[in-house]
Amino acid sequence: MATSESNFNEDIKKDFYIPTYILSEDASQSDDVKLPDVPTCPVLVFINSKSGGQLGGDLLNTYQSLLNKYQADPSYSCILTFQVFDLGKETPDSVLHILYLNLEKLKNNGDEFAAKLEERLRIIVAGGDGTAGWLLGVVSDLKLSQPPPIATVPLGTGNNLPFSFGWGKKNPGTDQNSVISFLKKVMDAKEMKIDSWHILMRMRAPKEGCCDPIAPLELPHSLHAFHRVSPSDDFNVEGCHTFRGGFWNYFSMGMDAQVSYAFHSERKMHPEKFKNQLVNQSTYARLGCTQGWFFASLVHPSSRNIAQLAKVKIMKKHGEWQDLDIPHSIRSIVCLNLPSFSGGLNPWGTPNSNKRRDRDLTPPFVDDGLIEVVGFRNAWHGMVLLAPNGHGTRLAQAHRIRFEFHKGAADHTFMRIDGEPWKQPLPVDDDTVVVEIVHLGQVKMLATHDCRSKSVHDPSSHVNHDCDDGDSDGEEEDSVVEEQRKFGAADTFKIPEEVDISHIS
């Protein structure tokens with residue numbers, strides 16, 4: 001039995017372990033902790049211990065028992081004496097900054113082991129889509145010469161990011177066998193590049209309070225105020241604050257975000273009731289009914305429909321801005337990067353050859369520099385996604401999209417970024433609230449070989465899809481300054497102490 005456990009520990013060490021000297025405070029090479037061979041798949045693990053109720057904490061304990069036990073030397077005081085981190089205690093930007101600083105020092109001293117380890121390094125993040133987005137933002141902003149690919153463990157309610165890349169959408173097992181099984185999948189996973197999207201929002205500065213550098217708590221933690229805007233930039237308006245952030249899955253606005261906001265508000269008031277994924281999902285469905293999403297034509301004023309709220313412009317590739325006509329019945333609009341929304345549904349579907357020819361539409365590739373814009377009238381319209389070949393109202397594919405909100409009949413609307421909703425005030429006088437989304441580079445993800453996300457560079461993705469488009473809904477028809485070209489994740493992208501991390505999905 002002891003021999004079997006010893007072999008098991010050696011396998012874990014050989015495949016996934018990061019030597020202590022690479023993580024230590026002075027990064028000085030020490031033969032007694034150095035391995036004879038570079039690990040096959042060295043991993044750095046970040047876990048939101050408050051995600052998924054008790055599951056986050058249980059998962060943290062299991063990963064730490066497997067990996068951190070090799071680094072229990074009390075002589076090291078640096079946070080990097082371990083390779084499994086609780087995001088409630090350590091921020092990923094501080095961890096990665098120290099790690100890569102150590103790696104650079106070691107490589108400059110001729111340490112080939114450190115150089116090879118950097119090439120093989122992979123990151124695992126366990127939490128909801130908000131937590132995963134946090135890690136993606138940090139890695140993007142650090143501008144690493146060899147950014148590590150990221151695998152996501154589903155611990156949230158929607159889990160669209162993990163589902164898109166083949167990691168499932170149900171909370172995983174937290175026992176040792178489940179964790180080892182996941183680690184082996186990470187070792188066998190393929191790398192995929194996905195598009196990154198930058199969001200800028202300009203609004204009138206609040207009369208009370210300060211929101212620099214962290215946006216008001218009403219806004220998602222991924223949106224941050226900043227003032228270093230170029231004088232010639234359209235967003236440089238006296239008396240206004242500009243917020244910036246990034247997303248990888250979706251931005252949505254309208255009634256779907258309203259339901260999400262109601263869910264998050266209820267969870268914030270009664271966190272003890274949201275300890276189970278199944279309960280969370282049933283609560284979400286209930287709120288969809290009570291918020292009127294299923295009976296929108298009766299309870300939702302037409303003045304809050306998207307076309308009445310905003311003027312929408314798009315830019316296809318790198319061309320001129322053009323107006324986007326939004327049908328007056330559309331109450332929710334989704335700008336989608338990945339083929340997963342609302343827990344795994346695919347609002348865009350796959351246009352057939354006629355749609356691709358007549359409207360210049362393509363399948364939803366995750367690395368083509370285009371974002372899919374889809375509209376919904378109500379929850380019943382959204383239900384068509386459950387049917388084979390179902391999809392929403394395809395409005396456009398664009399490299400850039402801009403929403404301009406002027407004074408109107410509504411004083412607010414609801415918005416959502418990757419699962420994080422907020423109630424957005426709209427102009428009450430002659431001001432304009434502007435939201436602009438622009439393509440900004442790519443990040444590396446880890447994916448299983450049978451995942452649903454497709455690359456434009458993969459020949460197997462370009463097959464005949466003439467039968468895939470059911471038309472089930474009766475289809476209706478610059479550069480940015482460097483300070484803006486950041487997701488706000490590194491250094492400033494830290495969750496304020498007063499924010500309970502369990503409220504990040």
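At 0% relative accessibility, glycine 56 counts as buried. This residue belongs to helix H3 of a model that is predicted. Leaving out residues up to four places away in sequence, glycine 56 touches Ile47, Asn48, Ser49, Ser51 and Leu155. Asparagine 171 stands 115 residues from glycine 56 in sequence, yet the two C-alpha atoms are 9.6 Å apart in space.

Helix H3, which spans residues 55-67, also meets helix H8, formed by residues 176-188. Two packed helices are described by the angle between their axes and the distance between the axes. For H3 and H8, the axes come within 10 Å and cross at roughly 70°. H3 is therefore roughly perpendicular to H8. On the H3 side, the residues involved are Leu59, Thr62, Tyr63 and Leu66; their counterparts in H8 are Gln176, Val179, Ile180, Phe182 and Leu183. Classified by residue type, this contact comprises 7 nonpolar and 2 polar residues, with no charged residues.

Helix H5 covers residues 112-120, and Phe113, Ala114, Leu117 and Glu118 are buried within this element. Viewed down the axis of H5, these buried residues fall within an arc of 135°, so they line one face of the helix. An α-helix has 3.6 residues a turn, so residues three or four places apart point the same way. The other side of H5 carries Glu112 and Glu119, both of which are exposed. The cover over the buried residues of H5 includes helix H2 (20-23) and helix H4 (92-108). At the N-terminal end, H5 is capped by aspartate 111, a side-chain oxygen of which lies 2.9 Å from the backbone nitrogen of phenylalanine 113.

Leucine 121 is buried, with a relative accessible area of 1%. Beyond residues up to four places away in sequence, leucine 121 touches Ile18, Pro42, Val43, Leu44, Leu99, Tyr100, Pro148 and Pro149. Phenylalanine 16 lies 105 residues from leucine 121 along the chain, and the C-alpha atoms of this pair are separated by 9.2 Å.

Helix H6 (residues 129-142) contains glycine 130. The relative accessible area of glycine 130 is 5%, and the residue is buried. A separation of 8.6 Å is found between the C-alpha atoms of glycine 130 and glycine 156, which are 26 residues apart along the chain. Lysine 143 is placed in the loop between H6 and strand E4 (150-154). The accessibility of lysine 143 is that of an exposed residue, with a relative accessible area of 53%. Although lysine 143 is not a glycine, its phi is positive, at about 50°.

Isoleucine 194 is located in strand E5 (residues 190-204), where its relative accessible area is 0% and the residue is buried. Valine 443 is 249 residues from isoleucine 194 in sequence, whereas the C-alpha atoms of the two are 5.6 Å apart in space. Valine 443 is also one of the residues touched by isoleucine 194 when those up to four places away in sequence are not counted.

Glutamine 424 is part of strand E16, which is formed by residues 420-425. Glutamine 424 counts as buried, at 0% relative accessibility. The side chain of glutamine 424 is joined to that of tryptophan 422 by a polar contact of 2.8 Å. Apart from neighbours within four places in sequence, glutamine 424 is in contact with Met201, Met203, Leu219, Asp411, His412, Thr413, Met415 and Val433.

How values were computed. Residues numbered from 1 in each chain as written. Predicted model: local features only at pLDDT ≥ 70, side-chain atom pairs only at ≥ 80, totals over all residues. Heavy atoms only, no water. Buried < 20%, exposed > 50% of the residue type's maximum accessible area, 1.4 Å probe, protein only. Helix = DSSP H or I, 4+ residues; strand = E, 2+ residues; numbered from the N terminus. Arc of directions from axis to C-beta. Contact = heavy atoms within 4.5 Å. Polar contact = N/O pair within 3.5 Å; in protein donor to acceptor, adjacent residues only side chain to side chain. Axes fitted to C-alpha atoms, helices over the stretch in contact; angles between N-to-C directions. Parallel < 35°, antiparallel > 145°, perpendicular 65-115°, else oblique. Nonpolar A, V, L, I, M, F, W, Y, C, P; charged D, E, K, R; others polar.
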